[in-house]
Amino acid sequence: KIPEEYERGLSGRKSLQENQGMLFIFPKEDYFPFWMIDMNFPIDIIWMNKDCEVVYIAKSLPACENRQKCPMIKPDKLSQYVLEVVSGFSEKHHISVGEKLDIC
């Protein structure tokens with residue numbers, strides 16, 4: 001079971017600075033879906049595998065106000081680490097699928 005704070009993520013926060021983010025560390029690789037319910041600002045979500053290689057990026061995801069119509073964003077590859085950052089972060093820092101990040 002996913003811990004409650006993982007399910008909450010950045011929901012409810014008023015803003016996020018350029019140098020802030022939330023890193024989710026899961027015990028093993030899987031297909032981890034995320035959604036934007038109760039978010040107050042758009043974000044990028046970056047999924048990485050067990051070797052910290054980027055496997056999927058969802059860019060500039062808008063906030064979702066309607067719980068019944070809020071889509072789940074799910075990568076098509078296994079991941080173990082997921083990073084939520086301010087919208088535009090992945091473009092600004094030239095992060096792309098296949099790249100290894102030094103944050104794990």
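Q: Is Lys28 buried or exposed?

A: Lys28 is exposed, with a relative accessible area of 52%. Keep in mind that this is a predicted model.

Q: Ok, and what does the Lys28 side chain meet in a salt bridge?

A: That would be Asp30, with 3.9 Å from N to O. The cut-off for a salt bridge is 4 Å, so this pair counts. Asp30 itself is partly exposed, at 31% relative accessible area.

Q: How many salt bridges are there by that rule?

A: The count comes to 3. Another of them joins Asp51 to Lys50, with the closest N and O atoms 3.7 Å apart. Asp51 is partly exposed at 42%, and Lys50 is partly exposed at 48%.

Q: What about Glu91, which residue does it form a salt bridge with?

A: Glu91 goes with Lys59, and their closest N and O atoms are 2.5 Å apart. That pair links distant parts of the chain: Glu91 belongs to helix 2 (residues 89–92), Lys59 to strand 3 (residues 54–61), and they are 32 residues apart.

Q: And how accessible are Glu91 and Lys59?

A: Glu91 comes out at 49% relative accessibility, so it counts as partly exposed. Lys59 is also partly exposed, at 39%.

Q: Switching to cysteines. How many disulfides does a search of the whole structure find?

A: The search finds 0 disulfides.

Q: Are Cys64 and Cys70 buried or exposed?

A: Cys64 is buried at 11% relative accessible area. Cys70 is buried too, at 9%.

Q: Which residues sit on which side of strand 2?

A: Ile43, Ile45 and Trp47 are on one side, with Asp44, Ile46 and Met48 on the other, and both faces are covered.

Q: Last topic, aromatics. How many aromatic pairs turn up in the whole structure?

A: The search gives 5. In one of them, Phe34 and Trp47, the ring centres are 5.8 Å apart and the planes are at 85 degrees, so the pair is edge-to-face. Phe34 lies in the loop between strand 1 (21–30) and strand 2, Trp47 is in strand 2, and the two are 13 residues apart.

Q: Are Phe34 and Trp47 buried or exposed?

A: Both are buried, and Trp47 has a relative accessible area of 0%.

Q: How are the rings of Trp47 and Tyr56 arranged?

A: Their centres are 5.3 Å apart and their planes are at 70 degrees, so that pair is edge-to-face. Tyr56 is partly exposed, at 26% relative accessibility.

Q: Which residues make up the aromatic cluster?

A: Phe24, Phe26, Phe32, Phe34, Trp47 and Tyr56 form one cluster.

How values were computed. Residues are numbered from 1 along each chain as its sequence is written. This is a predicted model: local features need pLDDT of at least 70, side-chain atom pairs count only at pLDDT 80 or more; totals for chains, interfaces and linings use all residues. Side-chain values use heavy atoms; hydrogens and water are left out. Buried means under 20% relative accessible area, exposed over 50%, partly exposed in between (1.4 Å probe, protein chains only). Helices (H or I, at least four residues) and strands (E, at least two) are DSSP runs, numbered from the N terminus. A disulfide is a pair of cysteine sulfur atoms within 2.5 Å. Rings of Phe, Tyr and Trp (its six-membered ring) pair if their centres lie within 6.5 Å; planes under 30 degrees apart count as stacked, over 60 as edge-to-face and the rest as tilted.
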